[in-house]
Each structure stands twice: as structure tokens, then as C-alpha cells.
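The structure is shown first.

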Amino acid sequence: MRVLLIEDTAGLGQAVREQISDDGHAVDWVQRLDHAEASVRSTGYDLILLDLQLPDGQGLDFLRQRRAAEDVTPVIILTARDQISDRIAGLNAGADDYLVKPFDLFELSARVAAVARRYSGNPNPQLQLGALHIDLSARTVQRAGLTVDLTAREWALFEAFIQHPNALLSKAQLEDRLYEFGAEIESNAIEVYISRLRKKLGRELIETVRGMGYRLGPV
Amino acid sequence: MKAAASLQKRLSLGLTLMLSVLWLVATVTAGLVVQGELNEAFDSALEETAQRILPLAVLEIINRDASDAAQHIAALQAHNEYLTYLVRDNNGKILMQSHDADLAVFNPLPVEGFSNTASHRLYGASALRESVFIEVAEPLKHRREAALDASRALLLPLLGLIPLSLLGCWFLVRFSLRSVLAYRHAIETRGAGDLSPIEVANLPAEIDPLAAAVNHLLERLRSALEAERSFTANSAHELRTPLAATLAQVQRLRREAPAGPLQVRAGQIEASLRGLARLCEKLMQLAKAEGGGLLAASPQDLALLSSYVVEELGRTAGERLKLSLPGSDQVLSNIDPDAFAILLRNLIENGLKHGASDQPVAVSLSSSGLLCISNAGPALPATVLAQLSGRFVRGNSQAEGSGLGLAIATTIARGVGASLSLASPAPGLPDGFAVSVQFVLSSPASLP
């Protein structure tokens with residue numbers, strides 16, 4: 001997934017970015033609301049992690065603006081405000097989840113995965129895809145009963161196809177999901193990961209639509 | 001406490017009583033004056049009668065034959081005599097009398113001028129060099145009746161005056177106090193935590209400065225509570241943010257460190273950071289519990305708040321947490337929503353921590369505002385139960401905790417006027433522990 005992290009505390013922002021990147025997502029980290037606004041204008045994000053007290057404004061106002069502009073990107077609020085009234089205000093403003101600082105990074109990973117599943121239209125973390133048994137929350141795939149090891153990048157790419165089972169995904173879209181701004185991308189990176197996935201999970205898993213992109217093969 | 005006296009009742013009764021006493025004094029004075037005047041008039045009539053009859057009687061006595069027999073003057077027509085008279089010589093021999101004259105009412109010997117007997121007023125006069133006397137008697141009863149009639153006529157209006165005065169005073173006072181009553185109503189109907197100024201127009205000059213002083217006080221209280229609230233919120237933010245950054249960095253360190261002593265040490269730091277974060281949170285909750293901002297300006301739905309808190313804690317507690325709510329009804333109380341959430345969160349955390357780990361923690365809220373949190377587990381001895389709500393007391397549990405949870409809940413309950421009680425074993429169970437909190441419900445009148 002492509003994730004936008006809006007957090008002004010450097011130490012926390014850095015740790016969160018590393019954690020989410022380790023989970024295989026591409027993370028853009030900004031420390032101000034105006035940068036966040038510029039980012040959402042230029043890039044389609046799958047998830048926004050939002051701090052509430054930022055140097056140039058309130059995160060809730062940003063969230064309300066996004067919802068008013070009919071942006072349905074899932075938002076998880078990360079805040080030091082733990083009161084129930086703040087929580088209710090956050091959820092009423094359109095947040096999908098609310099995590100109070102100090103939080104556990106693994107708890108954050110789990111919440112990110114849960115929100116992603118909810119938006120893929122299938123909140124059930126257990127999936128059966130042909131011979132593949134997939135557990136989205138544990139991030140494991142079994143092929144004919146045997147666990148297949150996937151790297152974080154391979155998993156992120158695989159998850160992109162599972163979340164959009166009928167969609168044609170262009171190479172650029174897939175790069176967006178895997179890499180944050182300014183990352184150096186090898187020109188054939190996507191082809192390399194696709195071929196690794198095919199090798200591990202089966203040739204027919206991903207179809208190539210010549211000149212257009214890729215999509216999940218017929219099961 | 002002695003019941004406060006109603007100003008309206010006191011003024012109505014006092015004014016009516018005063019009016020009645022004044023009227024009575026005036027009536028008595030008027031009665032005495034009237035009686036004096038009546039006496040003068042009656043006396044003058046009595047004297048006039050004697051003076052008129054005497055010459056006629058003398059003439060009659062001289063003209064008649066020297067008969068010794070006393071003469072009864074025959075009545076022209078039968079009638080009851082009001083005045084009776086008796087004509088005697090200076091030895092008391094009766095020469096003439098009116099036909100109804102009763103000898104007993106006259107003096108034994110004739111007396112000149114006015115005199116009184118037990119029942120009559122007499123007037124005597126003489127003629128022929130004090131050889132013939134006349135006495136005219138008038139019953140006193142008659143005079144008394146006249147005075148009584150006059151007094152009665154003066155007293156009678158008082159009977160009507162008392163209820164009229166009561167009613168009039170009651171209305172007048174009520175009318176004058178209507179803005180004060182409106183003020184009272186405005187205070188009565190607002191929520192216990194509503195600190196907005198009380199606006200009532202046209203208060204009497206006596207009350208107006210009082211209302212202004214009350215508003216001023218409310219304003220100061222509001223800003224003090226606001227300052228306290230923002231201080232708590234800001235310090236929470238200032239403390240949590242660096243804690244969050246440090247905890248996240250340590251977690252990254254632990255993840256990146258190679259397996260071995262470094263990773264173990266990172267784990268130890270992480271555990272102490274978590275402990276510090278928990279303690280910090282509890283102390284901030286205690287500060288909130290002991291602060292003044294425990295009441296909300298408007299009624300809050302405890303059922304909705306309970307479901308939020310249970311949902312939030314249910315993420316980690318999972319199936320162990322059972323919530324039962326009174327259907328779709330709202331349960332309204334004037335407690336601050338954050339204070340309620342802190343109270344409930346602490347009680348649930350205690351239940352999860354100290355209760356039997358394979359048994360559910362039941363949270364129930366009744367429509368009468370009774371919140372009950374119960375868990376299974378060994379029953380507590382009565383002595384431990386009595387100490388439990390003190391600070392940093394942990395019972396005999398081995399569970400990890402700050403020992404502040406129940407103290408925080410107790411402090412909040414006290415602050416909002418709710419009553420918190422502990423029971424072990426839990427009601428209806430052979431063992432376990434239960435906390436019940438009875439909240440004060442908002443009256444429907446104070447709904448916004």
C-alpha cells in the first residue's frame with residue numbers, strides 16, 4: 001500500500017515509517033499539514049496516518065476537509081489525546097481508527113492491516129485462492145498445505161493484486177504502492193518481483209496484459 | 001436542615017396579620033367613642049323625659065282627691081314600656097307609677113340626678129320643694145345592644161378583609177417576585193455542570209446585584225475549570241509524545257538488534273517504558289478525577305459511552321468482555337464523558353487483570369443508571385475489601401498494576417455524586433468480585 005504519514009515528532013515519525021516500510025508498504029512522511037495537502041493532491045494514497053496536533057494546524061480540520069471533498073481514503077489517527085470525547089470527535093470527523101500515543105508499533109501494523117482489509121471489501125483475513133490459502137493478518141500464504149516465504153516487497157505486491165481482484169494494475173500504479181517519493185527504482189523492479197511471485201505461487205497467478213499492466217489470473 | 005421559609009407566605013401572612021390587628025384597634029377605639037356618644041344621647045333623652053313627665057305628674061297628684069292609693073297610669077294602648085317611671089314623696093311613698101314599672105329596679109329612696117343599678121340607668125328629679133320625686137329607669141341592656149350592634153357593624157368587614165388581604169398580598173408578592181421565580185426556575189432547570197451565566201431580565205433592585213455576583217462567580221469558576229482542563233490535556237500531550245517516540249525507537253532497536261544481550265536489554269527498556277507510560281496515564285487520570293471538571297454542561301448518554309469504552313477495550317480483551325445495555329434507551333447523566341470513560345476503563349481493566357483469566361468480565365448498565373462490572377475469581381476477605389479503594393493497594397493479587405485504578409474510580413464517583421460499592425463474592429455468583437456504581441440520572445427537564 002501507499003501510506004501517507006503525517007507526524008511532526010521526528011523520533012516517532014522515523015520509527016513508524018521504518019515499521020510500516022518493513023511491512024512492505026511505501027511510506028511518504030510529512031511533518032506539516034501544507035505538505036500533506038500537497039501530497040494528497042499529487043498522489044493517490046491507500047491509507048493516511050494522521051497526528052492531530054501539528055505545527056501549522058489541527059489534524060482534525062485536515063480530516064474534515066478530506067471528507068468534505070469526498071475523499072474516502074482510510075485514515076488512522078495517531079494522537080496523544082486519549083480522552084473519549086477526543087476519540088468520538090475523531091471518529092465523527094471520519095477517521096477509521098484511533099490509536100493513542102504511546103502505542104505499540106506492532107499494534108499499529110495490525111491496525112493498518114485491518115483497515116486495509118476493510119477497504120478491500122473483504123474484512124475476513126482468511127482467503128482461499130485456487131490452491132493458495134492466504135492469511136492476511138498473519139501475512140502468510142500456504143500452497144497445497146506448505147507455507148511459502150515471501151519478502152515484504154513480494155507480499156506488498158501480492159496484497160495489491162488480492163485487494164483488487166478484477167482490476168488491471170499498471171506498472172506505475174504498482175511502483176506507487178511499493179515505493180515512496182524519491183526512492184530509486186530499478187526500471188525492471190516490478191517485472192523482477194512479478195516473476196518471483198509466479199515462481200513461488202504458480203505461473204497462472206498473475207496475467208500480463210501486454211503494454212497495459214498486470215492482473216490476477218483466473219483461478 | 002430547617003426548611004427555608006417562603007418569602008411569599010411570610011409576607012402574605014405578616015401583612016394580613018398586621019392589617020387585622022390595626023383594624024381591630026380601630027374598631028375598639030371607634031366602639032368606645034360610639035358608646036360614649038350613645039350614653040350622652042340616651043342620658044339626655046332620659047333627663048328630658050323626667051323633666052317632661054314631672055310637671056304633668058304633680059298637676060295630676062294635686063288635682064285628684066286625697067286618695068292615698070298609688071295610681072297606675074293606664075296605658076292608652078297595650079305596649080311594652082321601654083322607659084318606666086315612679087313618682088314618690090320624700091318618704092318613699094309611691095304616688096304614681098307607669099303601668100309596667102318594676103319597683104325592684106329603682107333606688108329604695110328617690111335619688112336626684114343620674115344613678116345606676118345593676119340592670120338600669122336612672123334619672124331622678126324633684127318638684128314642690130323636694131316633696132315630689134320622679135325617677136325614670138331605662139334598661140342598660142338596651143344601651144349595650146346598641147353599642148354591640150355598632151361594634152359588630154365595624155367588625156363584620158374584617159371577616160371579608162382577611163381572605164381578601166391574604167389573596168391580594170399573595171398575588172402582589174407573586175407578581176413582584178415573578179422575575180425572582182424565573183431566576184429560581186432558570187437555576188433549577190439547568191444541569192449541575194452548566195456554568196454559563198444565568199440570564200433573567202427585570203430582576204428587582206434588591207436581587208439584581210446578587211444575580212450579577214453569581215454570574216461573576218460562575219464565570220470565574222468556568223475559566224478556572226477550563227484552565228485546569230487545558231493544563232491536564234496539554235501536560236498529557238507533552239508527556240505522551242516523547243514517551244511515544246522513545247517507545248517506538250526502542251521497539252525498532254529491539255527488532256533490528258541481533259539476537260543476544262542487546263536485544264534482551266532493549267526488551268527490558270521497552271518493558272520499563274511501558275510501565276512508565278502506564279503510571280503516567282494513571283497519574284493523569286487521578287489528576288482529572290481530583291479536579292473540578294467532573295460534571296458536564298449537558299446530559300450525556302452513558303449507554304453510548306459504555307459501548308465506546310467496551311469496544312475500545314474489547315480489541316485487546318476480545319471475547320472476555322460482555323456488555324449489556326438497557327435496549328435502545330438512553331441513560332442520561334450529567335457526568336463529564338471523559339471522567340465516565342476513565343471510571344469505566346479502570347473498573348474493566350481491574351476486572352480483566354484480577355479476575356479469572358478464562359472467565360468473562362460482565363459490564364451492565366441499567367436504565368436506572370446502575371453500572372455493574374463483575375468478574376469471576378476467588379472471593380476476597382472482608383478486611384481486604386474494606387481497604388481496596390485506598391491508593392496503591394493491590395489486594396493480594398499477583399497481577400501487574402499501579403494499584404490506582406479503583407482509587408481513581410472511587411474519586412470520580414464521589415466527585416459526581418454517584419455511589420460506588422464493592423461486593424465479593426459477586427451478587428448471584430459463588431465467588432468473584434463486583435463493583436456497582438449508581439449514577440444520578442438527569443431529570444428530563446434539564447435536557448437541552
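Is the crossing of H5(B) and H9(B) left-handed or right-handed? In this predicted model, the crossing of these two helices is left-handed.

**Helices H5 and H9 of chain B**

Helix H5 of chain B spans residues 261-290 and helix H9 of chain B spans residues 405-415; their axes come within 8 Å and cross at roughly 20°. That angle makes H5(B) roughly parallel to H9(B), because angles under 35 degrees count as roughly parallel. On the H5(B) side the contact involves B:Lys282, B:Gln285, B:Leu286, B:Ala289 and B:Glu290, and on the H9(B) side B:Ile408, B:Thr411 and B:Ile412. By class, the residues of this contact are four nonpolar, two polar and two charged. As a general point, an α-helix has 3.6 residues a turn, so residues three or four places apart point the same way.

H9(B) is mostly covered, with nine of its eleven residues buried. The buried residues are B:Gly405, B:Leu406, B:Ala407, B:Ile408, B:Ala409, B:Thr410, B:Thr411, B:Ile412 and B:Ala413. What covers these buried residues? The cover includes H5, strand S9 (332-335), helix H7 (337-354), strand S12 (419-423) and S13 of chain B. After H9(B) comes B:Gly417, which has a positive phi, near 80°.

**Residue B:Ser436**

Strand S13 of chain B, residues 433-438, contains B:Ser436. This serine has a relative accessible area of 18%, and it counts as buried because the cut-off for that class is under 20%. Apart from neighbours within four places in sequence, B:Ser436 is in contact with B:Leu370, B:Leu371, B:Cys372, B:Ser419, B:Leu420 and B:Ser421. B:Ile373 lies 63 residues from B:Ser436 in sequence, yet the C-alpha to C-alpha separation of the pair is 6.5 Å.

**Helices H2 and H3 of chain B**

B:Arg174, B:Phe175 and B:Ser176 of H2(B) make the contact with B:Arg178, B:Ser179 and B:Leu181 of H3(B). The contact of H2(B) with H3(B) holds two nonpolar, two polar and two charged residues.

The table sets out the values for each chain.

| Chain | Secondary structure | Residues and buried share | Accessible surface and share of carbon and sulfur atoms |
|---|---|---|---|
| Chain A | eight helices, 13 strands | 219 residues, 51% buried | about 9600 Å², 49% |
| Chain B | nine helices, 13 strands | 448 residues, 39% buried | about 25200 Å², 62% |

In chain B, residues 24 or more positions apart account for 63% of the contacts with a separation of 6 or more. The pair B:Ser436 and B:Ile373, 63 residues apart in sequence, has already been described.

Key
Residues numbered from 1 in each chain as written. Chains lettered and ligands numbered in written order. Predicted model: local features only at pLDDT ≥ 70, side-chain atom pairs only at ≥ 80, totals over all residues. Heavy atoms only, no water. Axes fitted to C-alpha atoms, helices over the stretch in contact; angles between N-to-C directions. Helix = DSSP H or I, 4+ residues; strand = E, 2+ residues; numbered from the N terminus. Parallel < 35°, antiparallel > 145°, perpendicular 65-115°, else oblique. Left-handed = near helix turned anticlockwise from the far one by under 90°. Contact = heavy atoms within 4.5 Å. Nonpolar A, V, L, I, M, F, W, Y, C, P; charged D, E, K, R; others polar. Buried < 20%, exposed > 50% of the residue type's maximum accessible area, 1.4 Å probe, protein only. Areas by Shrake-Rupley, 256 points an atom, 1.4 Å probe, with all protein chains shown as cover.
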